[in-house]
Amino acid sequence: MRSKSQSPINVKLILTGIFLVFLLFLVLRSTYSPSPDQQTQSLDHSSVVSKSSSEDQETDEDHRSSSSSSSSSFSVACPSHTCNKISPSLANALVHYATSNVTPQQTLKEISVSLRVLEKKSPCYFLVFGLGHDSLMWTALNHGGRTVFLEEDKSWIEQIQSQLPNLESYHVIYDTRITQADELMEIGMSNEDCKKVTDPRFSKCQLALKGLPQQVLEIDWDLIMVDAPTGWHDGAPGRMSAIYTAGLIARNKLDGETDVFVHDVDRIVEDQFSKAFLCEGYLVEQEGRIRHFNIPSHRARLGRPFCP
């Protein structure tokens with residue numbers, strides 16, 4: 001999620017441009033949309049003209065005028081200056097990225113993979129493993145929904161919260177090391193407990209994260225993004241448990257499907273563990289370093305195999 005080097009400036013310019021175009025659209029819509037008073041005047045004029053018709057037509061017009069009045073009162077309840085106002089999450093993201101020297105870790109094409117799903121499902125429940133420079137963007141794209149971030153570094157959480165206090169994030173402890181990846185892969189593939197779908201807290205599989213916050217485990221998530229923990233050096237915890245647990249949460253959902261995204265699949269752990277425990281049969285697409293899986297609930301239809 002985090003990077004010690006600055007991302008290419010063109011990505012920042014593209015994202016800033018998208019936000020500015022969206023803001024301009026809202027302003028233009030607000031400027032040229034007829035006000036509720038103008039709509040009411042138009043309806044009143046139509047009513048006066050129609051009164052010159054026959055009595056049957058007048059009765060019918062009265063009925064339609066009543067319906068229009070009801071619709072107009074609904075519009076007034078949501079004034080144009082409120083309805084067309086830019087959302088706080090989008091406004092914060094626009095200002096943040098326009099004034100920041102850092103940009104999201106993912107490329108525009110990689111972000112677009114998740115964005116297409118968010119466009120269909122938001123507002124929704126969105127769980128993200130990792131807290132970073134793209135966190136405000138994900139929150140803005142899921143405006144009206146609930147976006148939660150899980151982070152391994154407590155000091156980093158405090159630093160981000162001081163700058164962006166509205167982000168919801170929780171500290172997670174990982175007890176693995178990336179040097180254990182081969183051993184954990186063998187355990188996950190051979191141990192039958194790792195094929196059982198259950199709440200991660202009660203799983204007997206060594207790969208399951210059992211210390212996740214209760215707030216996280218009580219929600220049926222619509223989207224899950226695995227972009228943490230750190231996995232680029234031998235002393236790092238690696239994403240073995242995060243990937244496995246994301247799949248377990250998706251399968252343990254009461255009903256429906258969960259879209260799971262794994263970033264950095266150009267690395268061995270992310271590549272192998274996502275294929276093994278999120279399953280190639282559930283793979284929807286891959287763009288650059290991000291892989292998208294769509295995993296159905298295994299509780300809604302008992303007897304599903306762990307992988308199709």
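1. Let me start with Val 148, which touches Phe 126, Leu 127, Val 128, Glu 168, Tyr 170, Val 216 and Trp 221, leaving aside residues up to four places away in sequence (contact here is heavy atoms within 4.5 Å). Val 148 lies in strand 2 (residues 146-151); helices (H or I, at least four residues) and strands (E, at least two) are DSSP runs, numbered from the N terminus. With a relative accessible area of 2%, Val 148 is buried, where buried means under 20% relative accessible area, exposed over 50%, and partly exposed in between (1.4 Å probe, protein chains only).

2. A word on the ground rules. This is a predicted model, in which local features need pLDDT of at least 70 and side-chain atom pairs count only at pLDDT 80 or more, while totals for chains, interfaces and linings use all residues. Residues are numbered from 1 along each chain as its sequence is written, and side-chain values use heavy atoms, with hydrogens and water left out.

3. Now the overall picture. The protein chain has twelve helices and seven strands, and buried residues make up 45% of its 308 residues. Of the contacts in the chain with a separation of 6 or more, 70% are between residues 24 or more positions apart. The accessible surface comes to about 16200 Å², with 52% of that belonging to carbon and sulfur atoms (Shrake-Rupley method with a 1.4 Å probe; for residues, only the protein chains shown count as cover).

4. On to the aromatics: a search of the whole structure finds four pairs. The rings of Tyr 125 and Trp 221 have centres 6.2 Å apart and planes at 85°, so this pair is edge-to-face. For the cut-offs, rings of Phe, Tyr and Trp (its six-membered ring) pair if their centres lie within 6.5 Å; planes under 30 degrees apart count as stacked, over 60 as edge-to-face and the rest as tilted. Tyr 125 lies in strand 1 (residues 125-129) and Trp 221 in the loop between helix 10 (214-217) and strand 4 (223-226), so the pair ties together parts that are 96 residues apart in sequence. Tyr 125 is partly exposed at 39% relative accessibility, whereas Trp 221 is buried at 2%.

5. The rings of Tyr 244 and Phe 277 have centres 5.5 Å apart and planes at 85°, so they are edge-to-face too. This pair links distant parts of the chain, with Tyr 244 in helix 11 (residues 240-251) and Phe 277 in helix 12 (residues 268-279), 33 residues apart.

6. Some backbone spots to check. The peptide bond from Ser 122 to Pro 123 is cis, with omega near 0°, and Pro 123 is in the loop between helix 6 (108-121) and strand 1. Another cis peptide bond joins Ala 228 and Pro 229, with omega about 5°; Pro 229 lies in the loop between strand 4 and helix 11.

7. Positive phi values next. Asp 264 has phi near 70°, is in the loop between strand 5 (257-263) and helix 12, and is buried at 9% relative accessibility. Cys 279 has phi near 80°, is in helix 12, and is buried at 0%.

8. Finally, strand 7 (residues 290-296): seven of its seven residues are buried, so the strand is largely enclosed by the rest of the structure. Ile 290, His 292, Asn 294 and Pro 296 point one way, and Arg 291, Phe 293 and Ile 295 the other. In a regular strand the side chains alternate between the two faces of the sheet.

9. What does strand 7 pair with? Strand 5 runs antiparallel to strand 7, with seven bridges joining them (two strands pair if DSSP finds at least two bridges between them); Asp 259 has Asn 294 as its bridge partner. Strand 6 (residues 283-287) also pairs with strand 7 in the antiparallel sense, over four bridges, and Leu 283 is partnered with Phe 293. Strands 6 and 7 form a hairpin with two residues between them, and Gly 288 in the turn has a positive phi of about 60°.
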